[in-house]
Amino acid sequence: MGKEFWKSACPHDCPSACSLEVERLSSTRIGRIRGAAENSYTDGVVCAKVARYAERVHHPDRLKQPLQRIGAKGSGQFRPISWDAALDEVTEAFQRATLRHGPQTVWPYHSGGTMGVVQRYGMERLRNAMGYSRQKTTICVTPAESGWRAGVGKLLGADPREMAESDLIVVWGGNPVSTQVNVMTHVAKARRARGAKLAVIDVYRTPTVEAADIGLVLRPGTDGALALAMMHVILAEGMADRDYLARYTDFGPDIEAHLADRTPQWASAVTGLGVEEIVDFARLYSRTERSFLRLGFGFTRSRNGAAAMHAVSCLPAMTGAWKHKGGGAFFLRFDHWGLDLARAHGLDLIDPATRIMDQSRIGPVLCGEPDALAGGPPVTAMLMQNANSANVAPDSSAVARGLAREDLFLCVHEQFMTATARYADILLPAAMFLEYDDIYYGLGHTHLTVGPAVLDRYEDCRTNHELICALARRLGAPADRFDMSAVDLLDAILRASGKGTWTEAVQRGWIDCDEGFDASHFTAGFPSSDGRFHFKPDWAAVGPYHAGLRALPDHLENHEQASEALPFRLVVPPARGFLNTTFSETPGSKKREGEPRALIHENDAARLGIVEGMLVRLGNGRGEVCLRARPALTAQPGVVIVEGNWPSDAYPDGVGINTLIGADPVPPNGGAAFHDTAVRISLD
């Protein structure tokens, strides 16, 4: 008898949003997971951590029943409670808080534990129906998004499948070998069919840099300087597409004059790259018509990240690479999915006067900082889904202080006993993606991927949608807004959007929303107010923190500078085996990653007397983190790399790495500067 594979989709916070084929052994057990071969982006490939998902869905430590806190906050001491009793407790707490401070004292909070249109963003429907505080979702994409929108206009770009038709693929600030393996599938096609070159730009020698034909390892926060120098070379050597610039952009003599002194020599001093490296790469890029920029998040997670993204996004406009199939650029697709989400997300219920608080600033919010509270009352009640903020958010010491407040009622809906779950007053067991129905944005390509339930519900777990509807009924929200099953709601979304039915989508497994070459290459003009690419961005229109950003491609020195007291720059990129803190509980991922390590340049390590495995302390004004050192020639001197968002209890002192990260908003529109931190190193 052959193996039985069911169609599904990966729900996790990765732009690949892979279409999956799941080996179903019974109604309660799965075997292996593989990428869907018929999906032209997934192309039969899936990352190792998702392939091993049986480790996670059948993990013995999954939460099985509702729990009520009986010990101190953060102690992880709970007693079992029924669902009805738990929901009553949450309802009463929200009502008490509302009576005392008004509805905006309640802050429903979600993040990327699932990216489902219904199972993640359905929380918005409850928020808007009840007048609870709104959330600005910034923790991952906002600096990069701001920089892309400043130039291009919308989050659209060339179809990533076109990489297979490129002659030069530039992965800038991304590590797809570890974090978006499907990108490498299309790179491999181009290499085989066309002899294409792969260039990778990053701050350390990632597995993707190791796989590249050209690897440029620069100092953190200097990507904008490299882009400016490349444009200088392109203009100085007559390689700019002047016709394209005149027709499709606002490029003018003022921009050319600005770039005149952004020489390779200047950029070499800033980036740490050699002058010839910069010149050679600029020439290769500008002379290759089918040059494809695949831009990642990494280089934008800095206080100058939006400006860096804008500067890099200028390159294909400078050379006219957008004109060619296999050319141009892609960052993220979030606009023009064409879904009617008014009912699903309660968009018609929004009160514009309701405050919006920054997701990335959950620490300052919960600690009562007035600017973070946006002029409203203190947050005294929360529902958290899809988030482990005690580990993942910046300035995690402040997050812990806020979560530990006795006057804060916290309900957490979770799959495992995370660091955040330990602070809950009511802890509810959450279903996993194979146990519910949803659709997902393929932010890294053009597909909506479809994930129907494959397994029966585990123990006493409930879905996000079920919890939201149950709470809404108890809280007195309009009944007709919360009376549909997830399947009925998904079917209604697709029908209202002209995308068929849920049944049809499930049979196919995905919906390709590709709009064709002309739309994705902007042949009729860019999706901006005037139809042009903007070398001169209006930063004030992008976000409120625009002071200091100039209307031109720029490199800013507003990042955390190394100093005598804090001589090292810390970067905290993802580990191959984890996705934020997800998968940090699975045996396969734990075995692969081992333990947290600080990768320190061999010269720095020798000077400080540090050897392999020695305990060291990284510290700054926000706190101190203890972990083991690994001398390595992976980044430039003065740079420390700590891969993976490990749970706090993986560190010797129980203090996680995001303790060191600032929670101040990144210009111009907020977000977290995870890769922009100055630290000292001391021996333990």
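Predicted model: local features only at pLDDT ≥ 70, side-chain atom pairs only at ≥ 80, totals over all residues.
**Overall build.** I started with the secondary structure and found 26 helices and 25 strands in the chain. Next I looked up the dimensions: the C-alpha trace spans about 70 × 60 × 60 Å along its principal axes. For 684 residues, a compact globule would have a radius of gyration near 26 Å, and the chain's 25 Å agrees with that. I also checked burial, and 63% of the residues count as buried. Of the contacts between residues at least 6 apart in sequence, 75% join residues at least 24 apart.

**Surface and charge.** I noted an accessible surface of about 23,700 Å², with 49% of it belonging to carbon and sulfur atoms. For charges, I have 72 positive and 80 negative side chains, and the centres of the two sets lie 2 Å apart.

**Aromatic pairs.** My list holds 18 aromatic pairs. One of them joins Phe 94 and Tyr 132 edge-to-face, at 5.9 Å centre to centre and 85° between the planes. Phe 94 sits in helix H3 and Tyr 132 in the loop between helix H4 and strand S7, so this pair ties together parts 38 residues apart in sequence. Phe 94 is buried at 1% relative accessible area, and Tyr 132 is buried at 2%.

I then turned to Trp 322 and Phe 526, whose ring planes stand at 85°, so that pair is edge-to-face. Trp 322 is in the loop between helix H15 and strand S12, and Phe 526 in the loop between helix H23 and helix H24, so parts 204 residues apart are tied together. Both residues are buried. Trp 322 and Phe 526 also belong to one aromatic cluster with Phe 251, Phe 522, Phe 533 and Phe 535.

Definitions and conventions: Residues numbered from 1 in each chain as written. Heavy atoms only, no water. Helix = DSSP H or I, 4+ residues; strand = E, 2+ residues; numbered from the N terminus. Rg over C-alpha atoms; globule rule 2.2 N^0.38 Å. Buried < 20%, exposed > 50% of the residue type's maximum accessible area, 1.4 Å probe, protein only. Contact = heavy atoms within 4.5 Å. Areas by Shrake-Rupley, 256 points an atom, 1.4 Å probe, with all protein chains shown as cover. Lys, Arg positive; Asp, Glu negative; His and termini not counted. Charge placed at Lys NZ, Arg CZ, Asp CG, Glu CD. Phe/Tyr/Trp six-rings, centres within 6.5 Å; stacked < 30°, edge-to-face > 60°.
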